[in-house]
Structure formats: structure tokens, C-alpha cells
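Please look over the sequence and the model before reading on.

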Amino acid sequence: MGEEHRTGVVILGGGFGGLYVAMELEKTLARDPGVEVTLVNRENFFLFTPMLHEVAASDLDLTNIVNPVRKLLRRVNFFAGDVERIDLAEKTVQVSHGFDHHHHVLPYDHLVIALGSITNFYGLPGLAERALTMKSLGDAIHLRNCLIAHLEEANPDCSAALRDPLLTFVVAGGGFAGVETMAGLNDFVRHALRFYPNLKNSDLRMVLVHPEPVILPELGEKLGSYAQKKLGERGVDVRVNVKVTAVSDESVTLSDGTRLASRMLIWTAGTSPNPLLASLPCKKERGRVCVDATLEVPEWPNVWALVPDSSTGKYFPPTAQHALREARVLARNITAAVRGKPKKKFSFATIGQLAAIGRRSGVANILGVNFSGFIAWWLWRSIYLSKLPRFEKKLRVALDWTLDLVFSKDLVQFQTFRAPGISEQEQPERVPVNAARDGQTK
Ligand SMILES: Cc1cc2nc3c(=O)[nH]c(=O)nc-3n(C[C@H](O)[C@H](O)[C@H](O)COP(=O)(O)OP(=O)(O)OC[C@H]3O[C@@H](n4cnc5c(N)ncnc54)[C@H](O)[C@@H]3O)c2cc1C
């Protein structure tokens, strides 16, 4: 007797979108013995991006804002691998994994595309090779390491002539990621200076470059101007109405012709949809798959995607809060489709947006009401702490924040290379035991 066909639901991507679809299906379809739900993600963890800048700025321990997917999902299968190809006609997904990157083909009945976006350098000279990015846990750890490396490099006397480019840190992009990153870095390096006897506050140059007149445009002019003023008071040089146009090993060039002597550019100013979507034979808009109001791809039934509803002309901001709310509706609609029930339309109004701008201050707009300063920072911490999955991680983050009141920020570089060893060829010549003993007694 042949094995009974189980309805296969395959979710691609374990970010806010994909993971929350899987978590919702844990409670419904994944309990059904006739259904098999599988989540595919490159990393074996879920990254809580709103706190990423706190890792880069040494406010939080490196792994406190990530959760292993296997601890979050008990009934949904997890496949740690790379999605390489999606074949909508064949209803299959090709994935690779393992040390040898071998391939598997996963068939599906329902497919969820939640692969997020990638950084876009817009082909600007030097950026792809030299700019640091802020999207992954690796990015934040790398940035933190680079900051500490710059301080170590700049401190000795022999580096006095190189201090300018070493201590000029440029962040491109005045959106949430750029502003929070700059605020965190500014606090971190200024706190760290007391451990570097040759470096002074006035040696540091922190530059935030934003192409519009006011930073944080999503929060409106009033809060954006407040954030701009606060950052300025804390030593950040906020340059508005300009763009980064090129970067080299020694400098960052801006669209107004300024050349900043700097050896570090952090690029948060552009994203584009995941390139895997380009080959899909379905309607797209600005590279994003178009879906109907139920988040299903119209010409491809049972293919779902976490993207704005372009059929009704509504576009939702690319934030975690939208992704996870879309995820819940999408998961309920898959459950409805499998069980032959009516699907629901996605509709959601932004509840609020918050940004931490350093030194226990923030800006927030919640249900149309503006908050700034300490109260906004407190709201930022309380709201995001409550959203961070799993009690263990919440507790670890809360402890880090509490200990931060007593101890200074950590300056340890997180290095992953192997300690030196001696190969067979480099072994010192072996001296016979007798000869060695004779040598000692001579
Ligand atoms: C630094 C930073 C700070 C942010 N702060 C906030 C904030 O404060 N508030 C807020 O609401 N939003 C914030 N966001 C935005 C928020 O992170 C995104 O809106 C949200 O992550 C989008 O979810 P997603 O699931 O669409 O994509 P992602 O979260 O990017 O998830 C995509 C997943 O797909 C995986 N993937 C991609 N390609 C492949 C492949 N080929 N094979 C296998 N896996 C693959 C990725 O590894 C990733 O796990 C921030 C983003 C960043 C980068």
C-alpha cells in the first residue's frame, strides 16, 4: 500500500515574516497528521533586528538577540540551508546545505515566500567591496570588531598621523537602522575612549549622511528634527540633503563634493528585494512579487508571499511589525485554504514606530501621539523587550541592560581564528634523548 500524500507547506525564510508564519502554523496545521510544514532558512536562528545596533554598540551580548529556530518550533520541520531555485510550475524548491553544499528538491502544495531583502549598493564606486552593512548578526559583530580595531590601531604613538581617517566613522542613511546604529556607535566609542590614553573626544568624528532634509522621515518632521538636534549635541555631525557617492580605502565622497578622510563607512541606505524573486514567472512590482489582499499570488494559487498588497495599491512600510502581522493573516489563510474555509483580507494600520537615539533617549510615535526623550527610550526598551521571543532571551537582555548600569561596555574583540600551531614541516629538529641529556650536563 502506497504512503498517503501529506499536504506539504514549505516556508522560505525564517525572518519576521517566515518565522511567524511557522509559529502560527504550529498551533494549527502542524498538529494535523495529514499536513507537513517545513521552514527553510539560511541561519539556524531567528534574528531580532530591532536590537541589532545594541550588539554592534556592545550594549548586549552577541547572542542574546537571536533564538535557535529549533527551540521556537516543535512541530514544524526545520531545514537549515540555502534556497537556490523556486520552480512554480513544478511546485518544487531546490535547496542546498551541508559542508559540501549538496542539493535537495522539496516539493510543496503551499509555498510561502518570505526571503526578505538584500543590501543595495546602487553600483556606487567602492561600496560593495568596502562598506560595512547592518543586516545580519555577523554584520553587527563585524562592525563591533572593526570599531574596537580602529581604536586599538589609532591609540599607539606611531599612528598619530593616521588618527583622522581611523577615527572618522561615517553612517550613510538616516532611517531607523542608520540613526540607531550611529547613536549606538557614538555612545560606544565615546565611552571607550577612557581606556585609550592617547585618544581624545575631539579626535572622534561621527558623520551621519542623509539624502533628505530631516532624518527619520517615517516619524515626521518634528521627531526627526528632535533626533537631529540631540545627535548634534552629542557630537554627531548630521549632514542632510547629501548622499554618499563613492568610498575608497582612505575616504568617503559626498554628493556636494566633500571628501571625508575616513576608513569606515556603514551603509544602511538601500535595500532591494531578494534576487531569487527575479526569475519567478509571476507579476512583480519594483522586484517584489504582487499578491492579492489575502497575500496569495493571483496567477499561482497556493503560492503566498509577504509583500505589500499591490493589487489594491496599498504599500506597507518594510518593518517587522507589518511583516509579523502579515505572517499571522497569511498562516490563517493557508489553514483556511487547506480546510476549505474562506480566506481573510489583510488590513493593518501602523500602531507606532520607535527609535532609540542613544544615552537613554528616543523618539516614538504611538497611535499618532509623539513621544521624545527618556519616555520614548523607555517605551522602546519595554515594547521591544516584550516582543523578543522566549523568556530566556528576554531575561538575558534585561540582565545585560541592568548590568550596564554598573559596568562599562565590553571592549573584547570577538575573534574566530584558530590559535597558532606548528605543522609537520615546521617541527624543530628532534634531538635524541641521550644527546639532549649529555648537552645538559656539559
Ligand atoms: C538594523 C535593522 C534594524 C531594524 N529595526 C527595526 C525596528 O526597530 N522596528 C521594525 O519594525 N523593523 C525594523 N527593521 C526592519 C525589519 O527587520 C524587517 O522589516 C523585517 O526583518 C522583514 O522581515 P522579512 O521576514 O520580510 O525579512 P527578513 O527578516 O530579512 O528575513 C528573511 C530571511 O530569509 C533568509 N534568506 C534570505 N535568502 C535566503 C536563501 N536564499 N536561502 C535561505 N534563507 C534565505 C534570511 O537569512 C532571513 O532569515 C530593522 C531592520 C534592520 C536591518
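How many residues lie between β15 and β16 in their hairpin? There are three.

## Ground rules

This is a predicted model: local features need pLDDT of at least 70, side-chain atom pairs count only at pLDDT 80 or more, and totals for chains, interfaces and linings use all residues. Residues are numbered from 1 along each chain as its sequence is written, and side-chain values use heavy atoms, with hydrogens and water left out.

## The three-stranded sheet

The hairpin of β15 and β16 belongs to an open sheet of three strands, ordered β15-β16-β17. Pairing here is antiparallel. The edge strands are β15 (244-247) and β17 (259-261), each of which pairs on one side only. From one strand to the next, the twist averages 25°. Strands are DSSP runs (E, at least two residues), and helices are too (H or I, at least four residues), numbered from the N terminus. Two strands pair if DSSP finds at least two bridges between them. Angles run from 0 to 180 degrees between N-to-C directions, with axes fitted to C-alpha atoms.

β15 is joined to β16 (residues 251-254) by three bridges. Val244 has Leu254 of β16 as its bridge partner. Val247 stands opposite Val252, also in β16.

## The five-stranded sheet

A second open sheet has five strands, in the order β5-β2-β1-β9-β22. Its pairing is parallel. The edges are β5 (77-80) and β22 (303-305), each pairing on one side only. Neighbouring strands are turned by 20° against each other on average, direction ignored.

Within this sheet, β1 (residues 7-12) and β9 (residues 110-113) pair over four bridges.

## The ligand site

Some polar contacts (pairs of N or O atoms within 3.5 Å) can be named. The side chain of Thr49 places an N or O atom 2.5 Å from a ligand oxygen atom. Backbone atoms take part as well. An N or O atom in the backbone of Arg42 lies 3.1 Å from a ligand nitrogen atom. For Phe16, a backbone N or O atom lies 3.3 Å from a ligand oxygen atom.

## The second largest pocket

The second largest pocket holds about 390 Å³ of space. It is lined by 21 residues, and the closest to its centre are Asp59, Asp187, Arg359, Asp404 and Lys409. On a 1 Å grid over the protein atoms alone, a pocket is an open set of points where a 1.4 Å probe fits, with protein on both sides within 12 Å along at least five of seven lines; lining residues have an atom within 4 Å of a point. The volume is the space filled by probe spheres set on the points.

Which helix gives the most to this lining? α7 does, with five residues. α2 (52-56), α7 (176-192) and α10 (374-387) each supply at least two. By type, the lining divides into six nonpolar, five polar and 10 charged residues. Charged means Asp, Glu, Lys and Arg; nonpolar means Ala, Val, Leu, Ile, Met, Phe, Trp, Tyr, Cys and Pro; the others, Gly among them, are polar.

Methods. Polar contact = N/O pair within 3.5 Å; in protein donor to acceptor, adjacent residues only side chain to side chain.
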